[in-house]
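Here is a friendly walk through one protein model, written for someone who likes to know the cut-offs behind each term. Please keep the viewer open as you read.

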Amino acid sequence: MPMEEKLVHRLESAVTRLEALSATGFRSGGPVGTGDGTTVLDPSIIAFDDLMSQFLGKVSSAAEKIGGHVLDITKIVEAAFSAQRELLIKIKETKKPDNSGLAEFLKPLNDVIVKATKMTEGRRSDFFNHLKSAADSLSALAWIAYTGKDCGMTMPIAYVEESWQMAEFYSNKILVEFKNKDPNHVEWAKALKELYLPGLRDYVKSHYPLGPVWSATGETAVSAPSKAPSPSAPAPPPPPSSLFSSESPQASSSRPTKGMSAVFDEINSGKPVTSGLRKVTDDMKTKNRADRTGVVNAGEKEARVSSPSVSKTGPPKLELQMGRKWVVENQVGEKNLVIDDCDTKQSVYVYGCKSSVLQIKGKVNNITIDKCTKMGVVFAGVVAACEIVNCNGVEVQCQGSAPTISIDNTNGCQLYLNKDSLEGSITTAKSSEINVLVPGDGPDDDWGEHALPQQYAHEYKDGRFVTTPVSHSGA
C-alpha cells in the first residue's frame with residue numbers, strides 16, 4: 001500500500017472515531033466508551049487498529065473459508081487482540097501498579113489466552129495444529145507485562161519474536177500437511193505468522209520498544225482484595241495457571257529424597273545393614289519344601305502368562321545436572337516443555353519421551369534425542385551436533401546453525417531446517433522415512449520437502465564397489 005493511501009486510511013479512521021465520540025456525547029477529560037477522546041486518537045492506538053485491520057483481518061478472512069474449530073480459535077485470537085487494545089488505552093490512564101496489581105490489571109487478557117489453551121486440551125481435534133499454533137502464538141501478547149530489566153522478561157521486541165517460535169513449530173506442520181490439499185489452510189497459517197512477524201513486532205518496535213508507558217497522574221490500579229476464608233468453609237480449588245503469574249514452581253532440589261538416594265541415605269545412617277532382614281530357616285529353603293516341585297501345572301503357567309508386566313519407566317525429569325547437562329526424561333503428553341536458561345557449554349539429553357514437545361531457546365553444545373516416540377524438539381542451534389537415535393516418528397526443527405545432524409536407527413523423522421543450517425551435514429544409518437524440509441527462496445515461498453534415500457545399490461566397477469541411492473519411478 002503506498003504511503004499516500006496509508007495516510008488517507010488513517011485520517012479516515014480518525015474522522016470515524018471523532019464522529020462516534022460526537023454521537024455518544026464526548027466529555028473532555030472523561031472516559032467515553034473505551035477511553036477519552038485523546039486516548040482513543042493516540043497514534044499508538046490508531047496504529048494498533050491498523051494492525052488489527054491489516055493483519056488480523058487476513059487471518060479472519062482465511063478462517064471464514066475454513067470454518068469449524070479453525071474459525072472458533074480465530075475468534076478467540078480476535079478477542080485477545082481486542083483485550084490488548086483495551087489494556088493499552090487503560091495504561092495511558094492508569095499509574096504503574098505493583099506486581100499483584102499488574103496481574104489483576106492484565107486478567108482480562110489472560111482469561112482469553114486461557115480460553116484458547118483449553119481448546120487444545122481434551123479430545124484431539126483434526127485441526128490440532130491450527131488450535132495449537134493459534135493458542136501458543138497468543139503468549140506474544142504478554143509483552144505488555146514488561147516493566148523493566150528486572151521483571152524476568154526479555155525486551156518486548158525480542159519477546160514477541162521468541163514467543164512466535166513455539167507457535168511456528170505447529171504452523172510449519174500446517175504448511176506441509178495442506179501444501180497440496182487446501183490453499184485456504186496455507187493462507188491461514190501464513191497470515192497468522194504475518195500477524196506477529198512483522199505485524200505485532202513492528203508495532204511494538206515503533207511504539208513500545210521499552211514496554212508500555214504508564215500514566216504519571218492517572219488512576220491507581222487496585223489489586224484484588226484477599227478474603228480470609230471462614231473456618232467452616234471448604235478450601236478453595238487452586239486457581240488456573242496465569243500467563244502473567246510471577247510465582248515459580250517448586251525447585252526439584254527441594255523435593256523429598258526418593259529412590260536410590262533414600263537407599264544410600266539409609267546405608268550411610270550407621271544402622272546395621274542386616275538389621276531388618278529375616279533369618280531363613282531350613283524348612284523355608286526351596287529344596288526342603290514339599291509344595292515346590294519341578295513340574296509347573298497348567299493353572300500356574302496360565303497365571304504367569306496372564307500377569308501384566310511391570311513397567312520400568314522412571315519418573316519424568318527436566319533438570320540441569322552438575323551445571324553442564326540438561327536431562328529431559330520420561331515426559332509423556334507434555335506439550336510445553338521449555339529450556340530457556342542454557343549456554344554453549346551445556347548439552348541436552350532427551351530420553352524416553354512420548355507425545356511431547358520440547359523447546360530449547362538458547363544455543364547449546366550438543367543435543368541427543370534417544371528412544372523417543374512422537375516427540376517434537378525445537379532448538380535455537382548447536383555448536384557441535386544434534387543426534388537422533390532409536391526414535392520413532394519424531395519431528396525436529398533447527399532455527400539456527402547445526403554443523404552436524406546425525407540420525408541413527410530411527411523410523412520416521414521430519415527435519416525442519418532454516419537457511420543457516422543448510423550448510424551443515426546430515427548423516428543417516430539404519431533409518432527410514434527421513435524427510436527434510438527447507439525454506440523456499442522467498443519469504444512467501446512454500447517449504448520444499450526432500451526424502452532422504454534409505455535403499456542403495458552397490459555395483460562392482462573397476463576393482464571397487466560403487467554405491468548409489470535407489471530411486472523408484474512412479475512412486
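Is H69 buried, partly exposed or exposed? H69 is partly exposed, because its relative accessible area is 38%, and the classes here are buried for under 20% relative accessible area, exposed for over 50%, and partly exposed in between (1.4 Å probe, protein chains only).

A word on the ground rules: this is a predicted model, in which local features need pLDDT of at least 70 and side-chain atom pairs count only at pLDDT 80 or more, while totals for chains, interfaces and linings use all residues. Residues are numbered from 1 along each chain as its sequence is written, and side-chain values use heavy atoms, with hydrogens and water left out.

**H69 and its surroundings**

H69 sits in helix α4; helices (H or I, at least four residues) and strands (E, at least two) are DSSP runs, numbered from the N terminus. Leaving out residues up to four places away in sequence, H69 touches M119, S125 and L131, where contact means heavy atoms within 4.5 Å. L131 is 62 residues from H69 along the chain, and their C-alpha atoms are separated by 7.6 Å.

**The nonpolar cores**

A nonpolar core is a set of buried Ala, Val, Leu, Ile, Met, Phe, Trp, Tyr and Cys residues joined through side-chain atoms within 4.5 Å. The largest one has 62 residues, and F81, W143, W188, L195, Y196, L200 and Y203 have the most contacts inside it. Two or more residues of this core come from each of α3 (43-66), α4 (68-91), α5 (99-105), α6 (107-119), α7 (128-137), α8 and α9. Helix α4 gives the largest share, 12 residues.

Which residues does Y203 contact, leaving aside its neighbours within four places in sequence? They are S44, A47, F48, L51, L88, W143 and Y208. A second, separate core has 33 residues, including C342, I360, L417 and V436.

Helix α9 also holds P198. The peptide bond that joins L197 and P198 is cis, with omega at about 15°.

**Strand β4 and its partners**

Strand β4 covers residues 325-329, and four of its five residues are buried. Two strands pair if DSSP finds at least two bridges between them. Strand β3 (residues 317-321) runs antiparallel to β4, with five bridges joining them; one of the partner pairs is Q321 with K325. The two strands form a hairpin with three residues between them, and M322 in the turn has a positive phi of about 55°. Strand β6 (residues 347-351) is also joined to β4 by five bridges, but these two run parallel. Here V328 stands opposite V350.

The loop between β4 and β5 (337-339) contains Q331, and N330 has its place in that loop as well. Phi of N330 is near 55°, a positive value in a residue other than glycine. S355, in the loop between β6 and β7 (357-360), has a positive phi of about 50° although it is not a glycine.

| Residue | Relative accessible area | Class |
|---|---|---|
| Q331 | 8% | buried |
| N330 | 12% | buried |
| Q414 | 18% | buried |
| S355 | 22% | partly exposed |

Not counting residues up to four places away in sequence, Q331 touches P316, K317, L318, L337, G352, C353, K354 and S356. With the same exclusion, Q414 touches V176, V394, E395, V396, N435, L437 and E449. Q414 and V394 are 20 residues apart in sequence and 6.4 Å apart in space, C-alpha to C-alpha.

**The second largest pocket**

On a 1 Å grid over the protein atoms alone, a pocket is an open set of points where a 1.4 Å probe fits, with protein on both sides within 12 Å along at least five of seven lines; lining residues have an atom within 4 Å of a point. The second largest pocket holds about 770 Å³ of space, a volume being the space filled by probe spheres set on the points, which are joined across faces, edges and corners. Its lining has 28 residues, with W164, E168, K193, P443 and W447 nearest the centre. At least two lining residues come from each of α8 (156-177), α9 (183-207) and β11 (392-398).

The lining divides into nine nonpolar, eight polar and 11 charged residues. In this count Ala, Val, Leu, Ile, Met, Phe, Trp, Tyr, Cys and Pro are nonpolar, Asp, Glu, Lys and Arg are charged, and the others, Gly among them, are polar.
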